[in-house]
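The stops below run in order.

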Amino acid sequence: MASRINTSFTLIPNQKYRRSNRRSNSYFSDTLGSESQPLSTLGNFKALPLEIFQIILRYLSVKDISMLSMVSKTVSQHIINYISTSSGSKRLLLQDFHNLELPSKRQDSAILEHYRSLGLLFKRCTLLLPTRERLKYIHRILAEVSCFKFNGCAAPIQCLGLPCYGMFLQTLTAGWDELECHRVYNFLCELTDLSRKMQTVVCSKPGSARKLELRIRLFCRSVLLDHWIHQSDSAFWLTRILKPWPMVNQARLLYIIFGPISPQDGQVVWQKMIEEPTDESSLKGLADAIKLLYDTGTKEWTADDVISLVDELSVVPREWLLENNARLLILSGNNICFTFMASKAVNGRAIELAKLIVFLALVCEKELYCMDWAVKMMQKVCKVFSTPVERNNFLQSVASAFACVIMEMLQSIMSGDRDEDDRSFLNLFHLVHAQANFHKEVLYLTMNTLST
(Lines give C-alpha, C1' and ligand atoms only; values in the text may rest on other atoms or scores of the structure.)
Protein backbone atom coordinates (compact mmCIF):
# COMPACT_ATOMS: atom_id res chain seq x y z
CA MET A 1 0.00 0.00 0.00
CA ALA A 2 2.85 2.28 0.74
CA SER A 3 4.31 1.58 -2.67
CA ARG A 4 0.99 2.29 -4.38
CA ILE A 5 0.62 5.58 -2.54
CA ASN A 6 4.11 6.66 -3.55
CA THR A 7 3.39 5.72 -7.16
CA SER A 8 0.16 7.65 -7.29
CA PHE A 9 1.86 10.63 -5.69
CA THR A 10 4.63 10.70 -8.26
CA LEU A 11 2.10 10.57 -11.07
CA ILE A 12 0.57 13.87 -9.92
CA PRO A 13 2.53 16.82 -11.45
CA ASN A 14 3.92 19.36 -9.00
CA GLN A 15 2.09 22.16 -10.76
CA LYS A 16 -1.26 20.48 -10.19
CA TYR A 17 -0.32 19.94 -6.57
CA ARG A 18 0.19 23.69 -6.14
CA ARG A 19 -3.13 24.42 -7.89
CA SER A 20 -4.96 22.20 -5.44
CA ASN A 21 -3.31 24.01 -2.58
CA ARG A 22 -4.38 27.39 -3.95
CA ARG A 23 -7.98 26.19 -3.90
CA SER A 24 -7.74 25.19 -0.26
CA ASN A 25 -8.91 27.45 2.55
CA SER A 26 -5.64 27.26 4.46
CA TYR A 27 -4.02 30.75 4.65
CA PHE A 28 -0.51 29.47 5.37
CA SER A 29 -0.76 26.75 2.72
CA ASP A 30 -1.76 29.42 0.25
CA THR A 31 1.24 31.52 1.21
CA LEU A 32 3.74 28.69 1.08
CA GLY A 33 2.45 27.35 -2.20
CA SER A 34 2.46 30.57 -4.21
CA GLU A 35 6.10 30.73 -5.26
CA SER A 36 5.31 31.34 -8.91
CA GLN A 37 3.16 34.41 -8.28
CA PRO A 38 4.58 37.91 -8.71
CA LEU A 39 3.44 38.91 -5.21
CA SER A 40 4.86 35.83 -3.49
CA THR A 41 7.73 37.86 -2.06
CA LEU A 42 5.21 39.80 0.02
CA GLY A 43 4.89 36.73 2.23
CA ASN A 44 1.97 36.98 4.65
CA PHE A 45 1.45 40.61 3.58
CA LYS A 46 0.09 39.29 0.25
CA ALA A 47 -3.32 38.85 1.84
CA LEU A 48 -3.46 42.54 2.79
CA PRO A 49 -4.78 45.26 0.48
CA LEU A 50 -2.15 47.87 -0.36
CA GLU A 51 -4.06 50.50 1.60
CA ILE A 52 -3.91 48.38 4.77
CA PHE A 53 -0.19 47.76 4.20
CA GLN A 54 0.41 51.49 4.06
CA ILE A 55 -1.65 52.04 7.20
CA ILE A 56 0.58 49.52 8.99
CA LEU A 57 3.63 51.50 7.84
CA ARG A 58 2.29 54.57 9.61
CA TYR A 59 2.68 52.81 12.95
CA LEU A 60 6.28 51.78 12.31
CA SER A 61 9.33 53.90 13.07
CA VAL A 62 11.66 54.90 10.24
CA LYS A 63 14.18 52.34 11.48
CA ASP A 64 11.55 49.59 11.44
CA ILE A 65 10.43 50.53 7.91
CA SER A 66 14.10 50.46 6.89
CA MET A 67 14.45 46.91 8.24
CA LEU A 68 11.21 45.85 6.55
CA SER A 69 12.45 47.13 3.18
CA MET A 70 15.13 44.42 3.19
CA VAL A 71 12.57 41.59 3.26
CA SER A 72 12.19 41.47 -0.50
CA LYS A 73 12.25 43.55 -3.65
CA THR A 74 8.45 43.65 -3.76
CA VAL A 75 8.12 44.86 -0.18
CA SER A 76 10.77 47.46 -0.89
CA GLN A 77 8.82 48.62 -3.95
CA HIS A 78 5.65 48.98 -1.89
CA ILE A 79 7.56 51.05 0.66
CA ILE A 80 8.90 53.27 -2.15
CA ASN A 81 5.33 53.75 -3.33
CA TYR A 82 4.33 54.69 0.22
CA ILE A 83 7.13 57.25 0.44
CA SER A 84 5.88 58.78 -2.81
CA THR A 85 2.38 59.32 -1.46
CA SER A 86 1.49 62.67 0.09
CA SER A 87 0.81 61.10 3.49
CA GLY A 88 4.06 59.12 3.41
CA SER A 89 6.24 62.06 2.43
CA LYS A 90 4.52 64.33 4.95
CA ARG A 91 5.20 61.87 7.72
CA LEU A 92 8.80 61.01 6.76
CA LEU A 93 10.10 64.38 5.52
CA LEU A 94 10.03 66.34 8.75
CA GLN A 95 10.46 70.06 8.13
CA ASP A 96 10.55 71.37 11.68
CA PHE A 97 13.93 73.04 11.06
CA HIS A 98 13.12 76.32 12.80
CA ASN A 99 11.23 75.14 15.87
CA LEU A 100 12.64 76.88 18.94
CA GLU A 101 10.27 75.39 21.49
CA LEU A 102 12.56 72.53 22.51
CA PRO A 103 16.06 73.02 23.92
CA SER A 104 18.35 73.36 20.91
CA LYS A 105 20.63 70.40 21.57
CA ARG A 106 17.72 68.04 22.13
CA GLN A 107 15.94 69.25 19.02
CA ASP A 108 19.08 69.11 16.87
CA SER A 109 19.86 65.58 17.97
CA ALA A 110 16.33 64.26 17.38
CA ILE A 111 15.82 65.65 13.88
CA LEU A 112 19.36 64.79 12.76
CA GLU A 113 18.87 61.23 13.99
CA HIS A 114 15.58 61.07 12.07
CA TYR A 115 17.33 62.01 8.82
CA ARG A 116 20.15 59.56 9.52
CA SER A 117 17.52 56.80 9.73
CA LEU A 118 15.77 58.15 6.64
CA GLY A 119 19.05 58.06 4.72
CA LEU A 120 19.44 54.40 5.64
CA LEU A 121 15.87 53.69 4.52
CA PHE A 122 16.48 55.28 1.11
CA LYS A 123 19.84 53.49 0.85
CA ARG A 124 18.14 50.13 1.27
CA CYS A 125 15.07 50.86 -0.86
CA THR A 126 17.12 52.05 -3.86
CA LEU A 127 19.87 49.46 -3.51
CA LEU A 128 19.28 47.84 -6.92
CA LEU A 129 19.14 51.08 -8.92
CA PRO A 130 22.13 52.56 -10.79
CA THR A 131 23.72 55.48 -8.93
CA ARG A 132 22.33 58.21 -11.17
CA GLU A 133 18.81 56.75 -11.04
CA ARG A 134 19.02 56.52 -7.25
CA LEU A 135 20.01 60.17 -7.06
CA LYS A 136 17.25 61.27 -9.44
CA TYR A 137 14.61 59.42 -7.46
CA ILE A 138 15.85 60.76 -4.12
CA HIS A 139 16.02 64.29 -5.49
CA ARG A 140 12.46 63.99 -6.75
CA ILE A 141 11.29 63.02 -3.25
CA LEU A 142 13.38 65.62 -1.40
CA ALA A 143 12.68 68.47 -3.84
CA GLU A 144 9.57 69.50 -1.90
CA VAL A 145 11.71 70.38 1.14
CA SER A 146 12.69 73.98 0.43
CA CYS A 147 15.29 74.15 3.22
CA PHE A 148 17.32 71.42 1.44
CA LYS A 149 17.90 73.73 -1.52
CA PHE A 150 20.96 75.97 -1.90
CA ASN A 151 18.91 79.18 -1.70
CA GLY A 152 15.79 77.61 -0.27
CA CYS A 153 15.78 79.04 3.27
CA ALA A 154 15.35 82.70 4.12
CA ALA A 155 17.16 82.27 7.47
CA PRO A 156 19.94 79.73 6.70
CA ILE A 157 22.04 80.37 9.82
CA GLN A 158 19.20 79.42 12.19
CA CYS A 159 18.01 76.56 9.96
CA LEU A 160 18.71 72.86 10.47
CA GLY A 161 17.69 72.01 6.90
CA LEU A 162 21.15 71.74 5.35
CA PRO A 163 22.65 69.81 8.31
CA CYS A 164 19.77 67.31 8.03
CA TYR A 165 20.31 67.06 4.28
CA GLY A 166 24.00 66.47 4.91
CA MET A 167 23.27 63.76 7.49
CA PHE A 168 20.90 62.11 5.01
CA LEU A 169 23.49 62.13 2.21
CA GLN A 170 26.28 60.95 4.50
CA THR A 171 24.23 57.92 5.55
CA LEU A 172 23.11 57.27 1.99
CA THR A 173 26.62 57.31 0.49
CA ALA A 174 28.54 55.68 3.36
CA GLY A 175 30.50 52.76 1.95
CA TRP A 176 30.13 53.81 -1.68
CA ASP A 177 33.29 53.66 -3.77
CA GLU A 178 35.04 56.82 -4.97
CA LEU A 179 33.60 56.65 -8.48
CA GLU A 180 30.05 56.65 -7.13
CA CYS A 181 30.88 59.52 -4.75
CA HIS A 182 32.33 61.46 -7.67
CA ARG A 183 28.97 61.06 -9.37
CA VAL A 184 27.17 62.27 -6.26
CA TYR A 185 29.33 65.41 -6.13
CA ASN A 186 28.85 66.08 -9.85
CA PHE A 187 25.09 65.57 -9.44
CA LEU A 188 24.96 68.07 -6.59
CA CYS A 189 27.03 70.57 -8.58
CA GLU A 190 24.62 70.29 -11.52
CA LEU A 191 21.64 70.55 -9.21
CA THR A 192 22.84 73.66 -7.36
CA ASP A 193 25.05 75.22 -10.06
CA LEU A 194 27.72 75.16 -7.34
CA SER A 195 30.73 75.51 -9.65
CA ARG A 196 29.44 78.72 -11.22
CA LYS A 197 28.62 80.15 -7.80
CA MET A 198 32.12 79.33 -6.58
CA GLN A 199 33.61 80.95 -9.64
CA THR A 200 31.66 84.10 -8.86
CA VAL A 201 33.09 84.42 -5.34
CA VAL A 202 36.70 83.47 -6.15
CA CYS A 203 36.84 85.89 -9.08
CA SER A 204 35.19 88.78 -7.23
CA LYS A 205 36.65 91.15 -4.69
CA PRO A 206 36.57 89.50 -1.24
CA GLY A 207 33.39 90.51 0.56
CA SER A 208 31.63 91.86 -2.53
CA ALA A 209 29.23 88.88 -2.57
CA ARG A 210 28.82 88.28 1.16
CA LYS A 211 25.48 86.48 1.00
CA LEU A 212 26.72 84.11 -1.69
CA GLU A 213 29.91 83.46 0.31
CA LEU A 214 27.75 82.57 3.31
CA ARG A 215 25.54 80.23 1.25
CA ILE A 216 28.57 78.44 -0.17
CA ARG A 217 30.10 78.08 3.29
CA LEU A 218 26.91 76.67 4.80
CA PHE A 219 26.28 74.27 1.91
CA CYS A 220 29.85 72.92 1.82
CA ARG A 221 30.14 72.58 5.59
CA SER A 222 26.63 71.31 6.39
CA VAL A 223 26.02 69.09 3.38
CA LEU A 224 29.45 67.84 2.27
CA LEU A 225 31.97 68.04 5.12
CA ASP A 226 30.74 68.14 8.71
CA HIS A 227 29.05 64.77 9.29
CA TRP A 228 31.80 62.29 8.37
CA ILE A 229 33.31 60.10 11.07
CA HIS A 230 36.48 59.14 9.20
CA GLN A 231 38.99 61.81 8.18
CA SER A 232 39.58 60.12 4.83
CA ASP A 233 35.94 60.74 3.88
CA SER A 234 36.12 64.42 4.87
CA ALA A 235 39.37 64.76 2.91
CA PHE A 236 37.75 63.19 -0.17
CA TRP A 237 34.88 65.70 -0.21
CA LEU A 238 37.12 68.67 0.57
CA THR A 239 39.36 67.57 -2.31
CA ARG A 240 36.37 67.50 -4.65
CA ILE A 241 35.60 71.11 -3.66
CA LEU A 242 39.15 72.47 -3.99
CA LYS A 243 40.99 70.52 -6.67
CA PRO A 244 39.19 71.83 -9.78
CA TRP A 245 40.57 75.31 -9.02
CA PRO A 246 44.02 76.92 -9.28
CA MET A 247 45.98 77.24 -6.02
CA VAL A 248 45.12 80.91 -5.49
CA ASN A 249 41.40 80.11 -5.77
CA GLN A 250 41.78 77.07 -3.53
CA ALA A 251 43.12 79.36 -0.80
CA ARG A 252 40.19 81.75 -1.28
CA LEU A 253 37.66 78.90 -1.06
CA LEU A 254 39.38 77.48 2.01
CA TYR A 255 39.07 80.86 3.72
CA ILE A 256 35.39 81.17 2.75
CA ILE A 257 34.54 77.70 4.07
CA PHE A 258 36.71 77.61 7.22
CA GLY A 259 37.78 81.19 7.92
CA PRO A 260 36.56 83.48 10.73
CA ILE A 261 32.98 84.72 10.63
CA SER A 262 31.01 87.51 12.27
CA PRO A 263 29.05 86.35 15.34
CA GLN A 264 26.21 88.71 14.38
CA ASP A 265 25.37 87.60 10.83
CA GLY A 266 27.66 84.61 10.22
CA GLN A 267 29.32 86.24 7.22
CA VAL A 268 33.02 85.82 6.42
CA VAL A 269 35.30 88.44 8.02
CA TRP A 270 38.02 89.19 5.47
CA GLN A 271 40.00 91.85 7.34
CA LYS A 272 40.50 89.91 10.57
CA MET A 273 43.90 88.44 9.68
CA ILE A 274 45.41 91.64 8.35
CA GLU A 275 44.27 94.22 10.90
CA GLU A 276 45.05 92.76 14.34
CA PRO A 277 46.26 89.61 16.10
CA THR A 278 43.48 87.07 16.26
CA ASP A 279 42.68 84.22 18.61
CA GLU A 280 42.79 80.45 18.28
CA SER A 281 39.07 80.07 17.59
CA SER A 282 39.33 82.18 14.42
CA LEU A 283 42.07 79.96 12.99
CA LYS A 284 41.12 76.51 14.23
CA GLY A 285 38.85 75.70 11.28
CA LEU A 286 41.56 76.61 8.75
CA ALA A 287 44.23 74.70 10.70
CA ASP A 288 42.05 71.58 10.94
CA ALA A 289 41.35 71.69 7.19
CA ILE A 290 45.07 72.00 6.40
CA LYS A 291 45.90 69.10 8.73
CA LEU A 292 43.15 67.05 7.10
CA LEU A 293 44.70 67.45 3.64
CA TYR A 294 48.24 66.86 4.93
CA ASP A 295 47.66 63.90 7.26
CA THR A 296 45.31 61.69 5.25
CA GLY A 297 48.07 60.79 2.79
CA THR A 298 45.88 61.01 -0.30
CA LYS A 299 47.72 60.95 -3.64
CA GLU A 300 45.94 64.10 -4.74
CA TRP A 301 47.73 66.21 -2.11
CA THR A 302 51.52 66.17 -1.82
CA ALA A 303 53.33 67.91 1.02
CA ASP A 304 54.40 70.62 -1.44
CA ASP A 305 50.76 71.15 -2.47
CA VAL A 306 49.67 71.71 1.13
CA ILE A 307 52.60 74.04 1.91
CA SER A 308 51.87 76.06 -1.23
CA LEU A 309 48.24 76.29 -0.15
CA VAL A 310 49.29 77.59 3.30
CA ASP A 311 51.55 80.13 1.61
CA GLU A 312 48.70 81.34 -0.62
CA LEU A 313 46.30 81.41 2.31
CA SER A 314 48.57 83.79 4.25
CA VAL A 315 47.96 86.53 1.66
CA VAL A 316 44.15 86.19 1.47
CA PRO A 317 42.84 88.83 0.95
CA ARG A 318 46.18 90.58 1.60
CA GLU A 319 49.30 89.68 3.55
CA TRP A 320 48.47 88.55 7.08
CA LEU A 321 50.08 89.81 10.24
CA LEU A 322 53.01 87.51 10.97
CA GLU A 323 51.59 86.72 14.40
CA ASN A 324 48.45 85.29 12.79
CA ASN A 325 50.56 83.33 10.34
CA ALA A 326 52.63 81.91 13.20
CA ARG A 327 49.51 80.99 15.15
CA LEU A 328 48.09 79.12 12.15
CA LEU A 329 51.32 77.13 11.78
CA ILE A 330 51.33 76.17 15.47
CA LEU A 331 47.71 75.02 15.28
CA SER A 332 48.45 73.06 12.11
CA GLY A 333 50.91 70.81 13.93
CA ASN A 334 54.65 70.14 14.03
CA ASN A 335 54.96 68.45 10.64
CA ILE A 336 53.27 71.23 8.67
CA CYS A 337 55.04 73.94 10.68
CA PHE A 338 58.48 72.43 10.09
CA THR A 339 57.83 71.68 6.41
CA PHE A 340 56.65 75.25 5.84
CA MET A 341 59.72 76.70 7.55
CA ALA A 342 62.11 74.26 5.83
CA SER A 343 60.66 75.33 2.49
CA LYS A 344 61.59 78.94 3.25
CA ALA A 345 65.10 77.87 4.30
CA VAL A 346 65.65 75.89 1.10
CA ASN A 347 64.38 78.75 -1.06
CA GLY A 348 66.76 81.31 0.44
CA ARG A 349 64.17 83.21 2.48
CA ALA A 350 66.17 83.14 5.73
CA ILE A 351 65.25 86.70 6.79
CA GLU A 352 61.51 85.95 6.48
CA LEU A 353 62.12 82.74 8.38
CA ALA A 354 63.96 84.54 11.18
CA LYS A 355 61.09 86.96 11.63
CA LEU A 356 58.64 84.06 11.69
CA ILE A 357 60.67 82.50 14.54
CA VAL A 358 60.17 85.71 16.53
CA PHE A 359 56.40 85.52 16.17
CA LEU A 360 56.32 81.81 16.95
CA ALA A 361 58.03 82.72 20.23
CA LEU A 362 55.53 85.55 20.79
CA VAL A 363 52.54 83.23 20.34
CA CYS A 364 54.13 80.67 22.69
CA GLU A 365 54.54 83.41 25.30
CA LYS A 366 50.97 84.70 24.93
CA GLU A 367 49.34 81.28 24.97
CA LEU A 368 51.65 79.85 27.66
CA TYR A 369 52.98 77.17 25.32
CA CYS A 370 56.36 75.63 26.13
CA MET A 371 59.04 77.96 24.78
CA ASP A 372 61.45 75.07 24.32
CA TRP A 373 59.17 73.97 21.44
CA ALA A 374 60.04 77.13 19.49
CA VAL A 375 63.76 76.67 20.24
CA LYS A 376 63.73 73.03 19.16
CA MET A 377 61.85 73.97 16.00
CA MET A 378 64.56 76.55 15.21
CA GLN A 379 67.24 73.95 15.94
CA LYS A 380 65.55 71.51 13.56
CA VAL A 381 65.31 74.15 10.83
CA CYS A 382 69.02 74.97 11.26
CA LYS A 383 69.86 71.47 10.02
CA VAL A 384 68.19 72.28 6.70
CA PHE A 385 70.92 74.80 5.85
CA SER A 386 73.68 73.09 3.94
CA THR A 387 76.72 75.02 5.26
CA PRO A 388 77.82 76.34 8.68
CA VAL A 389 78.02 79.85 7.21
CA GLU A 390 74.35 79.79 6.18
CA ARG A 391 73.40 78.40 9.59
CA ASN A 392 75.30 81.13 11.45
CA ASN A 393 73.84 83.83 9.25
CA PHE A 394 70.36 82.53 9.99
CA LEU A 395 70.96 82.56 13.76
CA GLN A 396 72.25 86.11 13.48
CA SER A 397 69.08 86.99 11.56
CA VAL A 398 66.93 85.59 14.37
CA ALA A 399 68.71 87.75 16.97
CA SER A 400 68.42 90.82 14.71
CA ALA A 401 64.72 90.07 14.04
CA PHE A 402 63.94 90.12 17.76
CA ALA A 403 65.63 93.53 18.11
CA CYS A 404 63.98 94.89 14.97
CA VAL A 405 60.42 93.84 15.90
CA ILE A 406 60.82 95.21 19.45
CA MET A 407 62.03 98.55 18.09
CA GLU A 408 59.15 98.74 15.62
CA MET A 409 56.62 98.16 18.39
CA LEU A 410 58.34 100.67 20.67
CA GLN A 411 58.44 103.35 18.00
CA SER A 412 54.75 102.79 17.26
CA ILE A 413 53.89 103.33 20.93
CA MET A 414 56.16 106.38 21.31
CA SER A 415 54.63 108.01 18.24
CA GLY A 416 51.27 107.97 19.99
CA ASP A 417 49.78 105.13 17.95
CA ARG A 418 48.19 103.38 20.95
CA ASP A 419 44.91 101.54 21.31
CA GLU A 420 42.33 102.54 23.89
CA ASP A 421 42.88 99.28 25.74
CA ASP A 422 46.69 99.49 25.40
CA ARG A 423 46.94 96.38 23.23
CA SER A 424 50.09 97.69 21.54
CA PHE A 425 51.82 98.16 24.88
CA LEU A 426 50.68 94.73 26.05
CA ASN A 427 51.98 93.18 22.83
CA LEU A 428 55.38 94.76 23.43
CA PHE A 429 55.33 93.48 27.00
CA HIS A 430 54.70 89.92 25.75
CA LEU A 431 57.40 90.22 23.09
CA VAL A 432 60.08 91.31 25.56
CA HIS A 433 59.20 88.37 27.81
CA ALA A 434 59.15 86.06 24.76
CA GLN A 435 62.68 87.16 23.83
CA ALA A 436 63.93 86.58 27.39
CA ASN A 437 62.33 83.12 27.65
CA PHE A 438 63.47 82.15 24.16
CA HIS A 439 67.10 83.00 24.90
CA LYS A 440 66.82 81.28 28.28
CA GLU A 441 65.81 78.05 26.51
CA VAL A 442 68.68 78.51 24.03
CA LEU A 443 71.12 78.79 26.96
CA TYR A 444 69.63 75.68 28.61
CA LEU A 445 69.99 73.77 25.36
CA THR A 446 73.57 74.95 24.88
CA MET A 447 74.66 74.11 28.44
CA ASN A 448 73.01 70.70 28.32
CA THR A 449 74.81 69.96 25.06
CA LEU A 450 78.16 71.03 26.54
CA SER A 451 77.64 68.94 29.68
CA THR A 452 77.04 65.80 27.65
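**Stop 1: helix H12.** Contact here means heavy atoms within 4.5 Å. Helices are DSSP runs (H or I, at least four residues), numbered from the N terminus.

Now colour residues 194-203, the span of H12: Leu194, Lys197, Met198, Val201 and Val202 are buried. Look down the axis of H12: the buried residues fall within an arc of 130°, so they line one face of the helix. That arc is taken over the directions from the helix axis to the C-beta atoms. Buried means under 20% relative accessible area, exposed over 50%, and partly exposed in between (1.4 Å probe, protein chains only).

Before moving on, some ground rules. This is a predicted model: local features need pLDDT of at least 70, side-chain atom pairs count only at pLDDT 80 or more, and totals for chains, interfaces and linings use all residues. Residues are numbered from 1 along each chain as its sequence is written, and side-chain values use heavy atoms, with hydrogens and water left out.

Stop 2: Most residues other than glycine have a negative phi, and most peptide bonds are trans. Select aspartate 193, in the loop between H11 and H12. Its phi is positive, near 60°. Aspartate 193 counts as partly exposed, at 31% relative accessibility.

Next, pick leucine 368, in the loop between H21 and helix H22 (371-382). Leucine 368 also has a positive phi, about 60°. Is leucine 368 buried or exposed? At 74% relative accessibility, leucine 368 counts as exposed.

Then go to the loop between helix H18 (303-313) and H19, where proline 317 sits. A cis peptide bond joins valine 316 and proline 317, with omega about -5°.

**Stop 3: arginine 327.** Select arginine 327 in helix H19. Arginine 327 is buried, with a relative accessible area of 4%. Show its contacts: Thr278, Asp279, Glu280, Leu283, Val363, Lys366 and Glu367, leaving aside residues up to four places away in sequence.

**Stop 4: the largest pocket.** Its volume is about 650 Å³. Of its 21 lining residues, Pro277, Leu321, Glu323, Met409 and Asn427 are the closest to the centre. A pocket is an open set of points on a 1 Å grid over the protein atoms alone, where a 1.4 Å probe fits, with protein on both sides within 12 Å along at least five of seven lines; lining residues have an atom within 4 Å of a point. Helices H19 (322-332), H21 (350-367), H23 (388-414) and H24 (423-451) each supply at least two lining residues.

Notes:
Points joined across faces, edges and corners; volume = space filled by probe spheres on them.
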